[in-house]
Amino acid sequence: MLWICFSIGRIASHRMLKMESLASFRSLCSQIQCFADNPQGSFSSRHYQKFPENSRIILTPRIVHTTISNCRSDIFAFSFFLWCARQPNYFHDRGTLNHMVSIVSRLTQRFRTVKGILKELEEVGCVIKPQTFLFLLRIYWFGGMYDRVFETFEEILRYGYTPNTFSRNIVMDVLFKIERVEVALRVLKETQVPNFLSYSIALCNLCKLNDLVNLQDVLMIMLRNRYYPNEDTFFVILNCYCRGGCIAKLKQILGLMIVLGVPLCERVWSIFIDVYCKAGNMDAASHLLKKMVESGYSPSVVTCTSLIKGFFESQMPSKAFGILDAMESKGCVPDLVLCNVLIDCLSKMGRYEDAINAFFLLREQRLIPDSYTLCSLIKTVCLSKQFVELPLLITGFKIQPDLVACNSFLSYFCKAGYPAGALEFYNDMIDRGFIADKYTFAGLLTGLCRLGRIGEAVKVYHGLVRSHVGLDSHIITVIINGLIKSGKFHKAISLIKKAASGKSQLDDVSYNIAIGGLLTSGEVGEAYALFRQMKEVGLAPSKQTYNLILSGFCKRSDVSMVEEILLEMVDASVEIDHFSLRFMKNLLYRSRHSASLFTLLTDVSTSGILPREAYAELINELVHHINIRNVHMDRFTNVDFGTSSSDEIQEVAISVG
């Protein structure tokens, strides 16, 4: 029985400890006024004597926050927080609520469930009221602990309380955040007394999700219930429609804003200019800019950034530079976003030096590059092949790279001919806690293949196949490309066949890489087998695929297969590219069986897959070839191909042979 006595004694002492702590807690609350005049937070007797026992408690957020921070017990800190919330004319500020997130998180880990926390609150004398649940909901919401939000909501129902609009708004917002849109909309619909915040939460979340259909429906319901979006919500809606390129919807929202008396400002003009720039309608964007200035609004750097990007993407660099000059003349300083846009756009145009100069603008403006800057700069360096420049360019900048920037570095090391650096960088990424995605694995596989570590690369690939982590057509293309370049053709064919049979996401790029590599190595039969497999699995060959196979058979002088592929291209309406046309010219020059091919080309020229200009050029070159050969044979003959019949063309084709 000794263990029973011990247990009873331990429980009794535990309860006594709680009672003592509770008494201390009540004493603390009764003397809180003293603490208000003592920034150091000490409770000396000198301070107690200043105030009579019946003095009123005066709470401030600073006092409450400091008291909670100094409390040794999380459960008493939470109980004190709830007690303060019940005091007249006192409201917790966001700073205190944010501090409570860590406290409630620890309590949740300790007691495991919301029910456990409520039970512990009751044991320390805290009465569970509806307000307790509302604060729990709010704290879990702030802390992103969404599962606990749902658990708290269930506890509200279990205690017999009816959730009010505020609690339902929180649940609805969480459902939107975890992309349970239909359930969130049902919660909105079933809310008996929805308020402005209900509709605002729904609109803002639908805008973040780019759900234009439900956005329109909720907005209409909101207006019918005589709630109207405020200015900030209108801007969120405008930006959403701008991203979607919905110019007609933007005009409707603008009309609604005007009717409701929402004042137009520079932001509205900028959004409309931006949507026209994204649509490539630079005339309309320029017209709006003119109207904006006439209306007394000065374009901001945001407005100018949209115009500059639009002009660059519309191949009008002179106008883009004109906007830059106008900004400079008016003292409008470029920001980080504009510098990033300049680096990216100039790089795409092949103006690499100008892109680097745009990067130097950051130093001049004392701007700190972000990960997007780093990615754009790495792309510029790789396209210009000036790999040694990158370390010099980024020296002195403190940049905190994200996963996208790290993946760009992996690609840089591989393209710069330093695959060992890619592997070292990959290991460092993993050590620092980055979670690899498909682009990370693509860099790893490329580095392994280029180092000749094919076995390890294949092992990594098979590991991805088993785990399905980051596995898609891009990864398959990378490993196939690495195997092809390493001369492991049969291994590449084996992998692509397994991928196809395993229902992996193969695309035409994967097949093109494999087919191109096999053709380069002279494996035309294997390349054609992959071409057929591609069609069998339901993947339509692209223009590049058809032309690869056509060129391969032309180089092999396989006229019958060339004719077969040409007929398939006619059926698929796939155009012959200039590389394939060049190979066909060579085939016609040297083939003894080119009459039928030439006839087919004549027919093909009327189908649209061989432009008439290219066909005319082919005829002229053949005439020139015949004339030159006849001159060498001292029997020059001038042949007229103007409107030859099929028989005449066959005769000329035969004479070429």
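Tyr228, Val259 and Leu260 make up a nonpolar surface patch with about 300 Å² of accessible area together. The model is predicted: local features need pLDDT of at least 70, side-chain atom pairs count only at pLDDT 80 or more, and totals for chains, interfaces and linings use all residues. Residues are numbered from 1 along each chain as its sequence is written, and side-chain values use heavy atoms, without hydrogens and water. Patch residues have over 30% relative accessible area and no salt bridge, with nonpolar side chains joined within 5 Å; a salt bridge puts a Lys or Arg side-chain nitrogen within 4 Å of an Asp or Glu carboxyl oxygen. Areas are Shrake-Rupley values with a 1.4 Å probe.

Leu260 sits in the loop between helix H15 (247–259) and helix H16 (266–278); helices are DSSP runs (H or I) of at least four residues. Leu260 is partly exposed, at 34% relative accessible area (between 20% and 50%).

A pocket is an open set of points on a 1 Å grid, where a 1.4 Å probe fits, with protein on both sides within 12 Å along at least five of seven lines; lining residues have an atom within 4 Å of a point.

| Pocket | Volume |
|---|---|
| Largest pocket | about 510 Å³ |
| Second largest pocket | about 430 Å³ |

The largest pocket has 19 lining residues, with Ser411, Ala442, Thr446, His474 and Val478 closest to its centre. Its lining has six nonpolar, 10 polar and three charged residues.

In the second largest pocket, 21 residues form the lining, and Asp274, Lys278, Val302, Thr305 and Ser306 are nearest the centre. H16 gives the largest share of this lining, seven residues.

Conventions: Patch = residues over 30% accessible without salt bridge, like charges linked within 9 Å, V, L, I, M, F, W, Y side chains within 5 Å. Helix = DSSP H or I, 4+ residues; strand = E, 2+ residues; numbered from the N terminus. Buried < 20%, exposed > 50% of the residue type's maximum accessible area, 1.4 Å probe, protein only. Points joined across faces, edges and corners; volume = space filled by probe spheres on them. Nonpolar A, V, L, I, M, F, W, Y, C, P; charged D, E, K, R; others polar.
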